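Dear colleague,

Please find the structure below, handed over for your study. I would ask you to keep it open while reading the notes that follow it.

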Amino acid sequence: MRKYCKAYELALPHVRKIDGYVPGIQPQNNGWIKLNTNENPYPPSPMVAKAISAELNNLSLYPNPESKPLRKILASRFGLNINQIIIGNGSDDILNLLVRTFCGKGTSAGTITPNYTLYPVLAGIQDSSFITIPYDREFSLPIESIIDSPANIFFLSSPNTPTGVTYTRKEIASILEHFSGILVVDEAYADFAKETILTLVKQYRNLVITRSLSKSYSLAGLRVGFAFAAPEIINLLDRIRDSYNVNRLSQAGAIAALKDKLYYKEIISNVIKTREFCAQKLKDLNWFFYPSQANFIFTEPLNAEGTSGPEVSQSLYEYLYTRKILVRLLTSSPLTASFIRISIGNEKQMDITFKAIDSWLKNA
Ligand SMILES: Cc1ncc(COP(=O)(O)O)c(C=O)c1O
């Protein structure tokens, strides 16, 4: 008989210690208003389904290993060279490539917290240490602390998660001028923002910008993300990338989506309009929120007595949940525990949500 295999004991010691990333709830039954993981409420361009069904005929063949046609489209769209672009299985794949390239035992990665919780998980998988610089209540960018940190790689999200606030080119450039590591600016939500720092990539060799088709292009299920950086960095990432990291259907769907500019202009502008409608509603309620440039709003609910706090946000979360409205509660930090993050749905979904909030105020 085979000897009992003690997998846990065979696992590397640092792997035994880590907790995996916990994604937001993805309900498997219908009828939810899903405002918890910042997906787009509109469907992808009809061109995506057409391109994917045509591509079904080619599934016996491996995909283009470098996703070259996609790199070409993005190069011409953003005025960059093809050697400044890499494509990933979602932008998470690229964050993973970055950590695998620049972090390991004896080195560190860093971010400002609270932030996207995948960053420390990826560093932990590499047995790298992780530096966390806490935000203040204003969520202002601690430029000097980032510059002084010994991190090999430092992650910022802009628009920031969970606040939705963007950092200016000037702020980012002042970090890049003096920071000796790689600065990753995660622009997963940039298509909803007024400003991006894209052009800085031509100027700074220590900048990586990551982007996603999951949010603005309604393609979270297809898993396509990309990054812009100096050719030297892209070359390093390409060395460790899975040879076929983006499958045929995803490449075909992403190309079709990127070509349908008019469709996406319209749905992105709808999301922005609805975001501003929600901001006005929150103002009317007198609830504090950060000025979001993303497809979500982070707000601190007040109950009928005008009180805020973790119990209040929990009570609202639970009330909405019973009405099959799913928002995000971020209980892990005192800076976020009394807030809820609401993804921007379509007008009807937001209308239902604000009616449910009114009824919570009357009944809770
Ligand atoms: C800041 C940030 N970066 C990256 C991602 C993941 O993007 P993708 O779906 O392209 O992997 C998310 C998803 O919620 C996010 O909030």
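The notes below describe the sheet, the helix packing and the surroundings of the ligand.

This is a predicted model, in which local features need pLDDT of at least 70 and side-chain atom pairs count only at pLDDT 80 or more, while totals for chains, interfaces and linings use all residues. Residues are numbered from 1 along each chain as its sequence is written.

The sheet

Helices (H or I, at least four residues) and strands (E, at least two) are DSSP runs, numbered from the N terminus. Strands of a sheet pair through backbone hydrogen bonds, either parallel or antiparallel. Here, seven strands form an open sheet with mixed pairing, in the order 2-8-7-6-5-3-4; two strands pair if DSSP finds at least two bridges between them. Strand 2 (85-88) and strand 4 (129-134) are the edges, and each has a single partner strand, so one side of each is left without a neighbour in the sheet. From one strand to the next, the twist averages 20°. Strand 6 (residues 182-186) pairs with strand 7 (residues 207-212) in the parallel sense over four bridges. Asp186 has Thr210 of strand 7 as its bridge partner.

The helices

Helix 9 (residues 231-240) packs on the sheet and touches strand 2, strand 7 and strand 8 (225-229); contact requires C-beta atoms, placed from the backbone, within 7 Å. The direction of helix 9 makes about 30° with that of strand 2. Axes are lines fitted to C-alpha atoms, for helices over the stretch in contact, and angles run from 0 to 180 degrees between N-to-C directions.

The axes of helix 5 and helix 9 come within 9 Å and cross at roughly 95°. The two helices, helix 5 and helix 9, are therefore roughly perpendicular to each other (angles under 35 degrees count as roughly parallel, over 145 as roughly antiparallel, 65 to 115 as roughly perpendicular and the rest as oblique). Leu97, Leu98, Arg100 and Thr101 of helix 5 meet Leu236, Leu237 and Ile240 of helix 9.

Helix 5 (residues 91-102) also packs with helix 6 (residues 118-125), at an angle of about 40° and with axes 9 Å apart. Helix 5 and helix 6 are therefore oblique to each other.

The ligand

Which residues come nearest to the ligand? Of the 13 residues around the ligand, they are Gly90, Ser91, Asp92, Ser212 and Ser214; a residue is near if its C-beta atom, placed from the backbone, lies within 6 Å.

Yours sincerely

Technical notes. Contact = placed C-beta atoms within 7 Å.
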